[in-house]
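Hello,

Here is the structure I promised to pass on to you. Please have it open while you read, as my notes follow just below.

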Amino acid sequence: MAKEEIITIEDIIQLASKYLITEDIAFIQRAYDFAKDAHNGQFRKSGEPYIIHPVQVAGILTNLKMDAETIAGGFLHDVVEDTEVTLKNLEEAFNPEVAMLVDGVTKLGKIKYKSKEVLQAENHRKMFVAMAKDIRVILIKLADRLHNMRTLKHLPPEKQRRISNETLEIFAPLAHRLGISTIKWELEDTALRYLNPQQYYRIVQLMKQKREERESYIKEVVEELNKQLDEVKIGAEISGRPKHLYSIYQKMVKQNKQFNEIYDLLAIRIIVHSIKDCYAVLGIIHTNWKPMPGRFKDYIAMPKQNLYQSLHTTVIGPKGDPLEVQIRTKEMHEIAEYGIAAHWAYKEGKQVKGRKKSFEEKLTLFREILEWQTDSHDAEEFIESLKVDLFSDMVYVFTPKGDVIELPAGSIPLDFAYKIHTEIGNKTIGAKINGKMEPLDYTLKNGDIIEVVTSNHSYGPSQDWIKMAQTTQAKSKIKQYFKKQRREENIVKGKEAVDKEIRALNIDPKEVLVSDNLQRIFDRFNFTSEEDMFAAVGYQGITAALIVTRLTDKIRESQQKEQDLETTIEEVKTDVSQKQSQKRDSGVQVKGVDNLLIRLAKCCNPVPGDEILGYITKGRGVSVHRADCPNVQTDEAKERFLQVEWENVQTDNLQYHVDLEVTAYDRRGLLNEVLQAVTEMKTNLTHVNGKSDRNKMAIIQITILIHNKSHLRKVVERIKQIKDVYTVTRTVH
């Protein structure tokens, strides 16, 4: 499907009819009708009827040739989250399978979390656990994210960057691990467009300038190859391979190369009928053109874990330029484009013979997610574990029998041992790498042959192994060992640690270790009893501090409310001299109340011209905030508001701190230009801090002293005039 194409329900029915039976077509038509009724009257940010989004998601899934339940899930994926429809309604209207798929991609909307980051991590955990039970959950989510990225232009810049970052960190790597390159590349390219627009459009322009020259070169190579393959009677489809913008950008950043130094801008793909033909074509290419050392990769003999198979080589082409070549069969090409989705081939409701076994074997890594999430008591920790095990670069090593084992880069022999089998890991006493004994914390390299040395007389894992191991799988299995072996000892140790933490808060353990409190902990962390909880603390599966924080949150909240109620206006009154001094400093007065100590809130730094409100604090007088400051938007805060106003005084002699955040494309001299702009406006600067991320997005935080809102506006406009600056915003702490 083309990026800008709007697919219709008629298009979906026509495409699905080519591979689904009549009953399935009726099923997805019914799902569309249900979704259309549910979303009636709802609109997207673009102003379009909301139903357009689920239709596009279902269209992407149909292009992947998914089954009827998954396509129905695409139509219905937002009805529980955004309408009055419940999961029970879906189960009754369709079946439990569709309800389960929709539930897997539905965000957690009715639970309050301490921050957006924690909520997002919990949403991801819910999705990944559902995915481990049924991989189709993530296929629906990827289709949903892909269409959202295609329509990202309708959102504010801050949301565009946040969603694009999340796409690069979670969803594009996940599409890669599932082998769905068609989705992976589009997600990455679109994310780059919003995270680093200048570089994105620069690469687009450079590729346009070289297009004719590149196409002419590829045409010459294709003609020469066709002639040679005809002579040996090998049928093949040869075409230029499109290069993706994000991969070019990554090479420019990671390898510090200019555009014209990127090798694989010139690339062809050769699709043949058999594996035998793949190697025959490779021989012809290497006979005609000189291969570049270290650039040949055989993913047919050693497939990637995401099912990808192909031969890769780079040769010095006819004009002396590097030429990248991929050689694969038609089935390999289908899997390279659609990955695991290509294995969801259905014929009259059943998978094609022989594919199911391969499909299940390749998904073992995702099955382990269920195990990980049980041991990860914190959602953010769980997502970080996934990033390490699923999304990091990989290292490929061999067993003594020649089997290839894929592990995250940085893995050690212990990770390898636990990957083979839990018992092998538990009985490990050493490791031979390429025939030589190495320590257990040796960092594995591509091509290493590993022989794990075990002993039946081993005392089992050491506590140090938890810190040494790099993969979540190994850490989880080591923790399970301690959990089983030393349960009674761990229960005693864990109870002592929890009691000590509670007493440190001046609270009696008996007050909090009550059934209601404990049940909340059991539900939150998947414990079945008080002994399980203490044992987990004892074997370091969870910290005592985290347990106690959750156990005492209601008591601490109650104590805080009592302290707040003690605060009265009289407590913040001071003598007249203090008031006069403070008023001159702040330029603010309280309506109808005298003798109050006034200070400007440092979280939002209000300046003359801003709408403001007063907030009564305990022992520190009245804190003046901007009216839009998020720190005083709660119902409890509103009970402490006072009316305040700026005094009608000349502000040129007063100075106010303002925190600004500048986002820009990171380049040499950028920071100097920002500081120079501030100096030009005759403005004092008290603080500066800057950082740059891997996408060359620079964030510069500065604190300046200004007289009023008009002065601030002039400074902001001057900074915005600097080349490569995207936004300048006031920040709130």
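Predicted model: local features only at pLDDT ≥ 70, side-chain atom pairs only at ≥ 80, totals over all residues.

The axes of α3 (residues 52-63) and α9 (residues 136-150) cross at roughly 125 degrees and come within 9 Å. Axes here are lines fitted to C-alpha atoms, for helices over the stretch in contact, and angles run from 0 to 180 degrees between N-to-C directions. The crossing of α3 and α9 is right-handed (the near helix is turned clockwise from the far one by less than a right angle).

Which residues of α3 meet α9? They are H53, Q56, V57, I60 and L61, and their counterparts in α9 are L139, I140, A143, D144, L146, H147, N148 and R150; contact means heavy atoms within 4.5 Å.

Residues are numbered from 1 along each chain as its sequence is written, and side-chain values use heavy atoms, with hydrogens and water left out.

Next, the sheet. Four strands form an open sheet in the order β21-β22-β20-β23, with antiparallel pairing; helices (H or I, at least four residues) and strands (E, at least two) are DSSP runs numbered from the N terminus, and two strands pair if DSSP finds at least two bridges between them. Its edge strands, each pairing on one side only, are β21 (684-692) and β23 (725-730). Strand β20 (residues 656-665) is joined to β23 by 5 bridges, and A664 has V725 as its bridge partner in β23. Helix α30 (residues 670-680) lies across β20, β21, β22 (697-706) and β23, at about 20 degrees to β22.

Finally, two residues. L311 lies in strand β5 and is buried, with a relative accessible area of 1%. G320 sits in the loop between β5 (311-316) and β6 (322-329) and is partly exposed at 46% (buried means under 20% relative accessible area, exposed over 50%, partly exposed in between, with a 1.4 Å probe and protein chains only).

Best wishes
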